[in-house]
Amino acid sequence: MTTEPRRFLVTATPPTTNGDLHVGHLSGPYLGADVFSRAQRMAGHTALYASGGDDHQTYVVTTAQRLGVDPVELAARCNDEITGTLELADVAIDAFTRPDDAYREEIREFFAGLYRAGGLVPRTWTFPYCAETGRYLLEAFATGFCPECLAGTCGAICENCGHPNDAGSLLFPESTGAGEGSAKEPREVEILVLPLEDYRERFTEFYRRRRSTMRPHVLRFVDEMLSRPLPDFPVSYPADWGIPVGIEGFEGQVINVWAEMLPGLRHMAEAARADRTPETPAGVWDKGSGFELVQFLGYDNTFYFSFAHLGLAFAHGGLIEPTAIVTNEFYHLDGAKFSTSRRHLIWARDLVGKYGPDNVRFHLALGNPEHQPADFTEAGFLETVRTRLHEPLRRITAELAAYTGRPVAAGPGTEALLDRYRDRMRRAYTLETFSMRLAAETTANLLVLLAARASDDPGLATAGLRVLAAQASPLVPGLASTIEDRYEDAAPGCVPDLSGLIAVTF
């Protein structure tokens, strides 16, 4: 069966540049978007994969303050670290951009245009103000308890349930970096907001049409949000870290970094287009471009992508809307959330540097927290990769060693069996049913089958290993390329030299 080529614009949430990527980060949108993009290209489709440094998060400021460094220098250093880690993990991102003057001007003009068109409106907002720090309590400058699920959280969004909050709804707010019980006073500030409730009918219709390409937790969140009046989304707030609004009457305010992210991702997508498909006309995020927008993100960011960004797209009128929002749940380390601030983590570059990208990618795909939290331990990682990747490969290559350079014939049922594998992998890679876990599990199962049958049916093992390399290349690109090279070097129909396939063993 043939299908028409599709064009995908794939994004992974820009990582906050207050640290390198830890294993929890890598297991989420960055690996998922990479596997999806590789799979689409393998199927003959176009895929542009974009992300970039999220330098304007207030967490950059609070981390820099804790470390005693300049936040600009911290962001620059972390951008370098993140891009280096992605490269080490064999994440083939087309563009990972950093904010520069042209980027900032593009963001300002985007929101100025929305304001001129009436898409953004002024609202009087009450913020607690901390005289000790000289800051309004918002984003990382505020801590408290979520008014929805009661978990401890920072301002703006709850990492636990994903629901938004503000300085007025956050329970028992405290000022980050101030003394315990520091004095706070309420101050009224006129800010710019996007009135999400104005788009209720459009949200409802959008999610009615897109239910098949949204993960269940996203749909549950959407239903929760639509069960009550939708909040105004602050597009500006009083702070000095970020992109100045540049609109008269809103001096001393910056653009909410989560609002910035929509036109920011559009900027990143254009960089990806120019790099991978320069023949494609500019404007890949514009309506009529023919691109389908597929966005990978952690569940905690769902509000911004499912309501704030979509609402901004509605207000703009000329942007494509997401075809799919692909979330992942939290990845835990030894039973607790990965945390940069608490230093409860394993740096992704350390794990990849020690064990190699294919081993790490295989394990993170196999145990991926697609629909519920998952737990990582280094001992579990070693055991999984040893028993489900290394040992079956060793058995296959050991059995086929006696046939190296000799022709072997595949039995009559070989192609039918391998077609089952191809079909299941096709399902795992298809947008509507995308699942790294399914792809990795199916690949691991085929490896065990081939290992079990290699001595009695070397033709099946020989044919199966080559098909596996082709189909599993989005998951383990280095291993797949090595296997394919060995087959290319062998005489047609003959068993290649398969010794030493795994670059890093343990």
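Q: Where does Ala142 lie?
A: Ala142 is in strand 6, residues 142-145. Strands (E, at least two residues) and helices (H or I, at least four) are DSSP runs, numbered from the N terminus.

Q: What sort of model is this, and how are residues numbered?
A: It is a predicted model, in which local features need pLDDT of at least 70 and side-chain atom pairs count only at pLDDT 80 or more, while totals for chains, interfaces and linings use all residues. Residues are numbered from 1 along each chain as its sequence is written, and side-chain values use heavy atoms, with hydrogens and water left out.

Q: Back to Ala142: buried or exposed?
A: Ala142 is buried, at a relative accessible area of 3%. Buried means under 20% relative accessible area, exposed means over 50%, and partly exposed is in between, with a 1.4 Å probe and protein chains only.

Q: What is Ala142 in contact with?
A: Leaving aside neighbours within four places in sequence, Ala142 is in contact with Leu137, Thr153, Cys154, Gly155, Leu170, Glu174 and Thr176. Contact means heavy atoms within 4.5 Å.

Q: Thr153 is on that list. Where is Thr153?
A: Thr153 is in strand 7, residues 152-154. Its relative accessibility is 10%, so Thr153 counts as buried.

Q: What lies 3.0 Å from a polar atom of the Thr153 side chain?
A: The backbone oxygen of Ile157 is at that distance, 3.0 Å. A polar contact is a pair of N or O atoms within 3.5 Å; within protein, one must be able to donate a hydrogen and the other to accept it, and residues adjacent in sequence count only if both atoms are side-chain atoms.

Q: Which other residues is Thr153 in contact with?
A: Beyond neighbours within four places in sequence, Thr153 contacts Ala142, Thr143, Gly144, Phe145, Cys146, Cys158, Glu159, Asn165 and Leu170.

Q: What about the loop between strand 6 and strand 7, which residue is found there?
A: Leu150 is one of the residues in that loop. Leu150 is not a glycine, yet has a positive phi of about 75 degrees. Leu150 is exposed, with a relative accessible area of 57%.

Q: And Phe172, what is its phi?
A: Phe172 has a positive phi of about 50 degrees, although it is not a glycine. Phe172 sits in strand 8, residues 171-175, and is exposed at 65% relative accessible area.

Q: Change of topic, helices. At what angle do helix 5 and helix 6 pack?
A: Helix 5 (residues 200-209) and helix 6 (residues 216-226) pack at about 155 degrees, with their axes 11 Å apart. That makes the two helices roughly antiparallel. Axes are lines fitted to C-alpha atoms, for helices over the stretch in contact, and angles run from 0 to 180 degrees between N-to-C directions. Angles under 35 degrees count as roughly parallel, over 145 as roughly antiparallel, 65 to 115 as roughly perpendicular and the rest as oblique.

Q: Which residues of helix 5 and helix 6 meet?
A: Arg200, Phe203, Thr204 and Tyr207 in helix 5 meet Leu219, Val222 and Leu226 in helix 6. By class, the contact of helix 5 with helix 6 has five nonpolar, one polar and one charged residues. Ala, Val, Leu, Ile, Met, Phe, Trp, Tyr, Cys and Pro count as nonpolar, Asp, Glu, Lys and Arg as charged, and the others, Gly among them, as polar.

Q: How do helix 11 and helix 14 pack?
A: Helix 11 (residues 378-400) and helix 14 (residues 458-471) pack at about 125 degrees, with axes 10 Å apart, and are therefore oblique to each other. Leu393, Ile396 and Leu400 of helix 11 make the contact with Pro458, Ala461, Thr462 and Leu465 of helix 14. The residues of that contact divide into six nonpolar, one polar and no charged.

Q: Last one, where is Thr302, and is it buried or exposed?
A: Thr302 lies in helix 8, and counts as buried at 0% relative accessibility. Neighbours within four places in sequence aside, Thr302 is in contact with Val218, Phe221, Leu297, Phe307 and Thr327.
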